[in-house]
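This report sets out selected geometric features of one structure for computational use. The sequence and coordinates are shown first.

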Amino acid sequence: MFFVALLLNQTLGWIRTQSGTTSLRAILYMDEIFGYFPPVANPPSKAPLLTLLKQARAFGLGVVLATQNPVDLDYKGLANTGTWFIGRLQTERDKARVMEGLEGAAASSGKKFDKKKMEQTLAGLGNRVFVLNNVHEDAPEIFQTRWTLSYLRGPLTRTQIKVLMDPQRASPSGSVNIDRSAREIRGAQLGRLSSRPILPPDVPQYFIPVRSSKLEGGKLIYMPVLFGSSEVRVSDKKLGIDANEQCFFTAPLTESPVAVDWNDSTPIEVDISDLESDSRESSEFGTLPSAASKYKNYEVWKKDFANWLYRTHAVELMKSSDGKLISRPNESERDFRIRLAEQNREFRDVVLGKLRQKYIPKTAALQERLRRAEQTVERQTSESQATKMQAALSVGASILGAFLGRKTISAANIGRATTVIRGAGRVMKETQDVGQAKENVAALQQQLAALDAQFKADMEAAISQIDRTVDTFEKISIKPTKANITVKLVALAWAPHWQDETGIRVPAWE
């Protein structure tokens, strides 16, 4: 219960950071909802789940709840459910709760609800047959699922959990994966002092925080570096970009004539607010170059830092192929693709909606013509059958009159024969009319099938054209102006390292 309540509250907090949308961003699915959303009790999971059912759709989040017994769900949640998948119901209480929820959902959406017809439909459901009731559709639909094989292993025993966890427990705890080619620093190459150097009070100095755990048998050593922080603003009216980027770098301090070279600097994920004013106890300090003890040098390094940023720094952004969406500074390619896919989904929904509106009148007109043509076939088929029956009776009467009359050739017999001939003509005409009507029906069916195929082709073409923009985007580089570079801090920073018994040093702030 604790985990479910925490997950629901985190999901609720996430959707409130999103913008409103009519497209689906994500789906929250919960199976076996029993106990988490009861009609009488109030567990911690009930309040956030009810809020999600009421509000999540406005932020593009769908909520799917599954249960074998509808009485497990609170009626407020049922009234806020728009789409129902209903299978066989075993008890009358379940049926009554479903009918109550369907009626409430229909009333909230302003739709008519035929309770008697729905009861008959639910009573006649078979195995793997479900009713799909969507409050946005005119009538429910019935569908049948395929056979599926689901192997449910069930809960694990303690012995099985132990078997799964033994390999994890066998690995040494607190082990650190070290890329020796890029990160190890040997103590023999860098001298160190046992105590912190004394500096003039006007020299700014800070301590980078220790974030990693201590190495086994290792000790903490602070090495001097130059820390630079700057805010870089990039703007491009044509692209509609106006954003600020925070930059943090550390440059090595040396005893060479050029004590600091910003070309050798590396970015560091440490903000100014993370810097500390003192070191940890039981730590040692590396040798500090003499240039770092003079305050005037920091003003020079500050100007050099700004000039270096102007020459070398550029904000790398990603732009969609249609140019409608541009990434934010420091936004990863994955996050940009997610935003791009979300925008494309919304645009696709709009395009497909317009496409459906374009084809709906044409389809409706053809369906109406087809309905009238089928009625014509039925009417002319009935008339043809009646004409054939009447002609057959006339032929029989003529034959009987010819054999039973006193005169084989008489006015009456000639009249009957003439009537028979006219009846045969009518039969032939009615038969031709029925054939023409059936040909008209077949032609309309072909037109309707062609229109449906054209609609599907246009829809697939639109989807493929929109989806291509997710995979294709270009990278653009925007350089800042000197006026848009603001250096906030250039100061001495003590970078912590863990050093093991062999002299290998590992950054302790990562």
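## Basis of the model

The model is predicted, so local features need pLDDT of at least 70 and side-chain atom pairs count only at pLDDT 80 or more, while totals for chains, interfaces and linings use all residues. Residues are numbered from 1 along each chain as its sequence is written, and side-chain values use heavy atoms, with hydrogens and water left out.

## Largest pocket

The largest pocket holds about 1600 Å³ of space. Its lining comprises 45 residues, of which Val63, Thr81, Gly82, Thr83 and Trp84 are the closest to the centre. On a 1 Å grid over the protein atoms alone, a pocket is an open set of points where a 1.4 Å probe fits, with protein on both sides within 12 Å along at least five of seven lines; lining residues have an atom within 4 Å of a point.

Strand β2 (61-65) is among the elements that supply at least two lining residues, and β2 gives the largest share, five residues. Strands are DSSP runs of E with at least two residues, and helices are runs of H or I with at least four. By residue class, the lining divides into 25 nonpolar, 16 polar and four charged residues.

## Positive phi angles

Most residues other than glycine have a negative phi. Glutamate 32, in the loop between β1 and α2, has a positive phi of about 50°. Arginine 128, in the loop between α5 (115-123) and β4, has a positive phi of about 60°.

Both residues are partly exposed, glutamate 32 at 45% relative accessibility and arginine 128 at 24%. Relative accessible area under 20% means buried, over 50% exposed, and in between partly exposed (1.4 Å probe, protein chains only).

## Salt bridges

Twelve salt bridges are counted, each being a side-chain nitrogen of Lys or Arg within 4 Å of a carboxyl oxygen of Asp or Glu. In one of them, glutamate 368 meets arginine 372 at 3.1 Å, N to O. Because these two residues are four apart in helix α8 (residues 333-404), about one helical turn separates glutamate 368 from arginine 372. Glutamate 368 is partly exposed at 28%, whereas arginine 372 is exposed at 53%. Glu368, Arg371 and Arg372 are linked in a network of salt bridges.

In helix α9 (residues 411-471), aspartate 452 and lysine 456 are likewise four residues apart, and their side chains form a salt bridge at 3.4 Å, N to O.

## Nonpolar surface patch

Phe2, Phe3, Leu6 and Leu7 form a nonpolar surface patch with about 460 Å² of accessible area together. Patch members have over 30% relative accessible area and no salt bridge, and nonpolar side chains are joined within 5 Å. Phenylalanine 2 lies in helix α1 (residues 2-15) and is exposed at 67% relative accessibility.

Technical notes:
Grid points are joined across faces, edges and corners, and a volume is the space filled by probe spheres set on the points. Ala, Val, Leu, Ile, Met, Phe, Trp, Tyr, Cys and Pro count as nonpolar, Asp, Glu, Lys and Arg as charged, and the others, Gly among them, as polar. Patches are made of residues with over 30% relative accessible area and no salt bridge: like charges are joined within 9 Å, nonpolar side chains (Val, Leu, Ile, Met, Phe, Trp, Tyr) within 5 Å. Accessible areas come from the Shrake-Rupley method with a 1.4 Å probe; for residues, only the protein chains shown count as cover.
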